[in-house]
Amino acid sequence: MIIKRKSLTDILVENFLLQANKLHADTEVIKVLKARVFKIANANVLIRAASSPVGPNGNYFFGINYITIEEMANLDNPFIAFICGDLNKIVMLPATILFSNIKSISHDRNGEYKILVDKNLNIALKGRNNRIFCSDFINNWELLLSLYKSKEKEAVEESYHSILQGRILEIGNVRGFQTYCPNKSKIFNGRKLAEIATLESCPNLQFSDYELLKQIDVLWFKDKGNHLIPECAFEVELSTGTWSGVGRMASLIDYSNVRLYVISDNSKKYNQVINVLPTLQNRYKYISTDIIGDLYSSELQLKELREKIGL
């Protein structure tokens, strides 16, 4: 039997969680997100650990994908904990601060951001001596564990649902479609989904049940003269059942050109539903949430490149 030894970074993360428990904070892994995110008391915390500094200047380096940073910034009371070698050197930074400075942080072509924490535990930005000064966030357990008050506090699943809707709307907008979403007040990157969608109301289609149609999570339409033609429909299914989403999109079955997508991380549940509908199997397609994140990131990078070169 081969016993896998824990890495130093894994041990740092475990000790971080033990410290939280000693401070009487309940900890729970957030399974809906792929990154190492935990609910600690009333905070949602992404934990990153570096066992030792790199180079002669005593800098610590952390790689975080744009998608992960964005997801954290859209949660309630979000933090990113950068553990720099030991538990006496932790930068407990509100994720919204990192996200608001994201354009000033270097990244590679894959959207991997290189977070440099210097020997003073400040985060380096582009430009000489440009920093996020973090003295107020070093080992600040009181801030991380403080009671967070919000009039519309959401579960992580609900926030992630809105994130996925926002990403699908943005992809449709980049591609030149007219986009619609029924969740008007939900927030993505500081904007209401109603502000991201290009259509204020759902078009009333001749061969569709309008009451079902207007409840579909995201719709893409293309302009054709004075008419809007449905192109794609998306239902995001996380903690809810797949049946309801498949049923709503069935209102578009008579439009043979429309592509119907179920966005989920539970392919087993999707297959159980779709196998009961053999005559409709070829109309629906399953896409994992990770793929939507990858596509969204690629679309943004391509848009940025086009704007940069003017082509």
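Let's start in the middle of things: the largest nonpolar core has 58 residues, and Phe82, Leu98 and Ile115 are the ones that touch the most other members. Keep in mind as you look around that this is a predicted model. If you want to know which element gives the most to this core, find helix 5, residues 156-174, which supplies seven residues.

Now zoom in on Phe82. Setting aside residues up to four places away in sequence, Phe82 touches Arg48, Phe62, Ile64, Lys89, Ile90, Val91, Leu98, Ile115 and Ile123. Leu98 and Ile115 turn up in that list, and you've already met both of them as core residues. There's also a second, separate core, with 20 residues, including Tyr180, Cys202, Leu213 and Leu219.

Next, let's look at a sheet. Strands of a sheet pair through backbone hydrogen bonds, and they can do so in a parallel or an antiparallel way. Here, five strands make an open sheet with mixed pairing, and their order is 10-13-14-15-16. On average, neighbouring strands are turned by 25 degrees against each other, if you ignore direction.

Inside this sheet, follow strand 13 (residues 218-224) and strand 14 (residues 227-236): they pair in the antiparallel sense, over seven bridges.

Is Ser264 buried or exposed? Its relative accessibility is 3%, so Ser264 counts as buried. Apart from neighbours within four places in sequence, Ser264 is in contact with Glu237, Tyr286, Ile287, Ser288 and Thr289.

Finally, go back to helix 10 and see how helix 2 (residues 66-73) meets it. The two axes come within 10 Å and cross at roughly 105 degrees, and angles from 65 to 115 degrees count as roughly perpendicular, so that is how helix 2 and helix 10 stand to each other. Tyr66, Ile67 and Glu70 make the contact from helix 2, while Gly293, Tyr296, Ser297 and Leu300 make it from helix 10. Sorted by class, the residues of this contact are four nonpolar, two polar and one charged.

Notes:
Residues numbered from 1 in each chain as written. Predicted model: local features only at pLDDT ≥ 70, side-chain atom pairs only at ≥ 80, totals over all residues. Heavy atoms only, no water. Pairing = 2+ DSSP bridges. Helix = DSSP H or I, 4+ residues; strand = E, 2+ residues; numbered from the N terminus. Axes fitted to C-alpha atoms, helices over the stretch in contact; angles between N-to-C directions. Parallel < 35°, antiparallel > 145°, perpendicular 65-115°, else oblique. Contact = heavy atoms within 4.5 Å. Nonpolar A, V, L, I, M, F, W, Y, C, P; charged D, E, K, R; others polar. Core = buried A, V, L, I, M, F, W, Y, C linked by side-chain atoms within 4.5 Å. Buried < 20%, exposed > 50% of the residue type's maximum accessible area, 1.4 Å probe, protein only.
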